[in-house]
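Subject: Structure handover

Hello,

Here is the structure for you to look over. My notes follow it.

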Amino acid sequence: MCFACRSLKTKKGGKMKLKYDMRALGLLMIMTSFIIIPAHALSPLWISSLTGTDQNITSFQDTDSHFLNYLAISEDGKNIVTGTYDGSIYFINETGAVLWNKTALYDTSYTNSLRLSSNGNYIAFSDSGSAPASNPPKKIGLMNKAGEALWNYSARTFIFHSAISSNGSRSVFGSHDNISCFDINGSFLWNHPVKSPVTSLDISEDGVYTIAATEQGPVVCLNISGSVLWEHEFSNVNEMKISGDGNYICISGDSFRTLYYLDNKGEILWNRTMPDTDVVICELSHSGDNIVVRTTGAVSCYDRYGNPKWQYNTSSRQPLVHTLSPQIMSLSKNGSYSVIATGQSFILLNKTGYETGNFSCEDSISGVDISYDGSDIVAINNKKLFFFRNPDSERGTRPGFIKNEMQDFPKILKIEIDPLNQEYYAGDMLIVSGNTTLAEGEDIRVLFYRNAFVSGMKIRPEKTSTEVMTKVVTNKSGFNRWSAAINTTGFWAGENIVAAYCNKDPGINSGQKVVLISKEQKTALEIDEK
């Protein structure tokens with residue numbers, strides 16, 4: 001019988017009943033309040049040794065540089081990409097099978113950035129060679145999950161920062177003097193010049209918003225056509241993230257000392273001064289309602305209004321080593337779990353800040369990532385990739401996530417562009433129209449932009465892109481219609497792209513090439529023919 005209870009005989013029939021000793025019961029409650037359910041010692045479902053000689057390491061690769069330095073997992077946990085500093089890229093499924101591994105195209109190559117789209121289907125990358133030392137070759141590109149190169153371009157300067165939208169429709173790259181955006185087919189969409197090297201770069205899941213910070217310039221937010229929505233001056237920005245829905249931005253500035261939280265209009269909603277710290281790393285949930293911050297000795301969580309939700313103290317002082325280092329903290333996009341590398345271990349925290357799992361190994365954990373709902377966790381050290389299942393997670397799919405890998409957006413919704421002429425005069429008004437299954441009154445964003453990579457050009461055209469918004473109207477033929485007038489004044493002669501996007505869902509789109517010629521050029525050709 002419980003010591004907090006006493007048995008007494010009643011006057012009727014000697015039956016027993018219980019009477020509680022309140023002092024003993026209070027002591028029992030105090031004692032049980034300090035009972036902590038131990039965290040799971042997580043065991044990897046599988047381990048893959050990726051840097052061995054059986055992984056097609058070429059003779060030119062430097063063994064001192066052949067260590068895992070990049071890591072990402074798709075939001076459904078089915079696809080994983082990792083890479084080495086010296087140019088190897090590995091694509092692995094959830095069972096641990098290496099589906100393919102590739103080395104970069106240049107001898108003694110170095111991977112400078114590697115990003116996996118959250119649907120797991122596309123990989124944006126930048127890399128460089130080592131010779132000649134004065135001007136080694138550099139390139140950017142996009143691959144699909146089969147390892148096929150969809151496109152790649154030579155770059156003029158080193159590019160250490162890239163980001164990709166959830167379905168691969170937009171890839172952005174930040175260099176020493178510009179931010180450039182390309183679509184899934186490699187068409188150049190826009191270019192934004194900067195005065196100093198890009199230090200941080202991110203893009204919303206739908207590709208509508210791009211944010212960037214530079215060494216000496218302002219933080220800038222660009223729209224889907226590359227136009228500046230707002231700029232803010234912050235001191236020494238070292239980390240910056242945008243929520244998946246594109247509504248909120250978290251910025252670590254003032255040399256790790258201040259955390260800023262903004263909306264997508266550029267308004268600073270709140271800021272927090274961090275304690276004396278070596279590192280401030282921030283992660284946002286998809287809707288921006290959970291902001292997890294890693295500082296020296298602590299992990300903290302805030303809501304979107306800046307109210308503290310929880311704090312977890314740790315003795316780890318793992319530093320943020322370099323721009324090229326893999327992430328040492330990741331937050332599941334539904335906000336349920338955070339995974340944090342701490343030296344030779346990682347810890348798993350739930351949405352209330354309690355440690356629910358941990359793992360340790362002989363070497364330092366250099367990078368971690370987690371799936372959308374926190375069900376799947378990956379970690380790397382220099383040589384190995386570890387895959388874990390979270391025993392406490394309720395496995396599910398994200399809202400609106402489409403399981404069909406070949407269908408990123410509903411095919412029933414579409415926009416078409418009527419056939420265009422082969423050539424138009426630069427400076428003329430271009431009328432573009434087409435059918436659509438979008439509802440009457442829906443907004444369609446029509447972009448016209450130069451189809452060329454103009455980074456580094458000394459002389460630029462007056463215009464490289466323009467944008468028009470139009471509405472869907474009803475039509476008796478069965479399909480609804482749309483039309484837009486585009487003024488090509490200021491554009492150079494040459495190949496351009498006209499693209500029409502659903503304003504609510506940029507994944508629903510269509511595009512065609514348009515060739516502009518100058519009237520002087522046309523006249524010269526006519527004279528030559530005569």
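Glu-94 is partly exposed, with a relative accessible area of 24%. This is a predicted model, so please read each value as computed. Glu-94 forms a salt bridge with Arg-389, and the closest N and O atoms are 3.0 Å apart. The two ends come from distant parts of the chain, 295 residues apart. Glu-94 is in the loop between strand E7 (88-93) and strand E8 (98-103). Arg-389 is in strand E35. Arg-389 also counts as partly exposed, at 34% relative accessibility.

Glu-283 forms a salt bridge with Lys-241, with 2.7 Å between the closest N and O atoms. Glu-283 lies in strand E25 (residues 281-284) and Lys-241 in strand E21 (residues 239-242), so the pair ties together parts that are 42 residues apart in sequence. Are these two residues, Glu-283 and Lys-241, buried or exposed? Both are buried. Salt bridges with shared partners also join Lys-78, Glu-94, Asp-376 and Arg-389 into one network.

Lys-241 has another partner. Its side chain meets that of Glu-239 in a salt bridge (3.4 Å, N to O). Glu-239 counts as buried because its relative accessibility is 12%, under the 20% cut-off. The structure holds 12 salt bridges.

Next, Asn-381. Where is it found? Asn-381 sits in the loop between strand E34 (376-380) and strand E35 (384-389). Asn-381 has 3% relative accessibility, so it counts as buried. Its side chain reaches two backbone nitrogens. The one of Lys-383 is at 3.0 Å. The one of Lys-384 lies 2.7 Å from a polar atom of the Asn-381 side chain. Leaving out residues up to four places away in sequence, Asn-381 touches Leu-68, Cys-361, Asp-363, Ser-364, Ser-366 and Phe-386.

Now the whole protein. The secondary structure comes to 2 helices and 42 strands. Of the 530 residues, 53% are buried. Take the contacts between residues at least 6 apart in sequence: 50% of these join residues at least 24 apart. The accessible surface comes to about 25,100 Å². Carbon and sulfur atoms account for 51% of that surface.

Best wishes

Technical notes:
Residues are numbered from 1 along each chain as its sequence is written. This is a predicted model: local features need pLDDT of at least 70, side-chain atom pairs count only at pLDDT 80 or more; totals for chains, interfaces and linings use all residues. Side-chain values use heavy atoms; hydrogens and water are left out. Helices (H or I, at least four residues) and strands (E, at least two) are DSSP runs, numbered from the N terminus. Buried means under 20% relative accessible area, exposed over 50%, partly exposed in between (1.4 Å probe, protein chains only). A polar contact is a pair of N or O atoms within 3.5 Å; within protein, one must be able to donate a hydrogen and the other to accept it, and residues adjacent in sequence count only if both atoms are side-chain atoms. Contact means heavy atoms within 4.5 Å. Accessible areas come from the Shrake-Rupley method with a 1.4 Å probe; for residues, only the protein chains shown count as cover. A salt bridge is a side-chain nitrogen of Lys or Arg within 4 Å of a carboxyl oxygen of Asp or Glu.
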